[in-house]
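Thank you for asking for comments on this model. My points are numbered below, and each can be checked against the coordinates as you read.

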Amino acid sequence: MEISLIGMQSVAGALRGSATWMARALKVEESQIVLLLDARRINSRTTENQRLDISCHRDRLQSQINGLVQTVATFVGADWDSGLDACEHGDSGSDEDGTFITVSPGNAEHTILPLPSYIGLPRCGALELNGLIEEELQLRQGQANDALHEIRLALANKAVLFRNEVRHGRNYAVTTRAWKKVLDLDTLVKRYSMIHNRCQKQMVALGANQRILDWYQILNKKDLTVSTVVSNPNARGHRHDSLAWFWTMDIPKDTNKNDWMSECKLCHF
């Protein structure tokens, strides 16, 4: 795609003035993760209504992605994703990421989104979009903060549930309800850990410095193990227990305070 210098400058200016699309893209990315988790739970016991819900969710998400892509194509051209290698944007063997592919019906949860971290730094440079790299990086940090905040809440609640309800359930019905709550919290932890790890991966793609990457580390299963030390760190037998790295962080829940995210809420994503 050939663009004149004046054309590239106008593209960059237009995108900087319409940066809400990046916030929209991050919300769509979160919806992709939710849909991916739901789709993975399909099995022989899945009801027809549950399958229909997933299908409707996929259709809605595809519609949102199409609208997002059309918006970005207005500024950078319809071939913004030309030359992107799908294999570079996911690892089919990873638990956190599926392989990303370009827009096509039926693959909404695996679609590459038009964000600088996916487009790539060289192509952003060619399109004079370098200013958007730092803006996405700031949004990613806010998104990661929110995800870590939700993870800490869910794990703390899970620890309290184990201590107060699961271990001391008076009967089968009470214990069953308690375990249902635990499973719901596990789903939340899985969702937000995937969101956080996606943020961290895209921060790397954006060229984040080591200080940022040291702050936002990859979450692993060991980090998400719940212990009563979370709800009562002074309990007997937990003197030498240590919490995962994110428990010691001062996490500002700041994505919702971001102007782009506030505007995004009006878009019903």
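1. Ala205 counts as partly exposed, at 32% relative accessibility, where buried means under 20% relative accessible area, exposed over 50% and partly exposed in between (1.4 Å probe, protein chains only). Ala205 lies in helix 7, helices being DSSP runs (H or I) of at least four residues and strands DSSP runs (E) of at least two, numbered from the N terminus. Leaving aside neighbours within four places in sequence, Ala205 is in contact with Ser117 and Leu121, contact meaning heavy atoms within 4.5 Å. The C-alpha atoms of Ala205 and Ile119 are separated by 9.6 Å, although the two residues are 86 apart along the chain.

2. Before going further, please keep in mind that this is a predicted model, in which local features need pLDDT of at least 70 and side-chain atom pairs count only at pLDDT 80 or more, whereas totals for chains, interfaces and linings use all residues. Residues are numbered from 1 along each chain as its sequence is written, and side-chain values use heavy atoms, with hydrogens and water left out.

3. As to the overall make-up, the secondary structure of the protein comes to 10 helices and zero strands. Of its 269 residues, 44% count as buried. Among the contacts with a separation of 6 or more, 74% are between residues 24 or more positions apart. The protein exposes about 14,400 Å², of which carbon and sulfur atoms supply 51%; accessible areas come from the Shrake-Rupley method with a 1.4 Å probe, and for residues only the protein chains shown count as cover.

4. Apart from neighbours within four places in sequence, Gln202 is in contact with Glu29, Ser117, Tyr118 and Arg140; Gln202 and Leu115, 87 residues apart in sequence, are 9.6 Å apart in space, C-alpha to C-alpha. Gln200, also found in helix 7, is buried with a relative accessible area of 11%. Not counting residues up to four places away in sequence, Gln200 touches Leu213, Tyr216, Gln217 and Ile218, and the C-alpha atoms of Gln200 and Tyr216, 16 residues apart along the chain, are separated by 6.4 Å.

5. A further glutamine, Gln141, is found in helix 6 (residues 130-166). Gln141 has a relative accessible area of 18%, so this residue counts as buried. With neighbours within four places in sequence left aside, Gln141 is in contact with Met203, Ile212 and Tyr216.

6. Which residues touch the most other members of the largest nonpolar core? Of its 58 residues, these are Leu148, Ile151, Met203 and Phe246. Helix 6 gives the largest share of this core, 13 residues. A nonpolar core is here a set of buried Ala, Val, Leu, Ile, Met, Phe, Trp, Tyr and Cys residues joined through side-chain atoms within 4.5 Å. Ile151 is in contact with Val189, Tyr192, Ser193, Leu219, Leu224 and Phe246, leaving aside neighbours within four places in sequence.

7. Helix 2 (residues 20-40) has 21 residues and reaches 31 Å from its first C-alpha to its last, close to the 30 Å expected at 1.5 Å a residue, the expected span being 1.5 Å times one less than the number of residues. Because 16 of its 21 residues are buried, helix 2 is largely enclosed by the rest of the structure.

8. On the aromatic side chains, the count comes to two pairs. Trp245 and Phe246 form an aromatic pair that is edge-to-face, at 5.6 Å centre to centre and 85 degrees between the planes. Rings of Phe, Tyr and Trp (its six-membered ring) pair if their centres lie within 6.5 Å, and planes under 30 degrees apart count as stacked, over 60 as edge-to-face and the rest as tilted. Both Trp245 and Phe246 are buried, and together with Trp247 they form one aromatic cluster.

9. Finally, a search of the whole structure finds zero disulfides, a disulfide being a pair of cysteine sulfur atoms within 2.5 Å. Cys56 is partly exposed, with a relative accessible area of 34%, whereas Cys199 is buried, with a relative accessible area of 0%.
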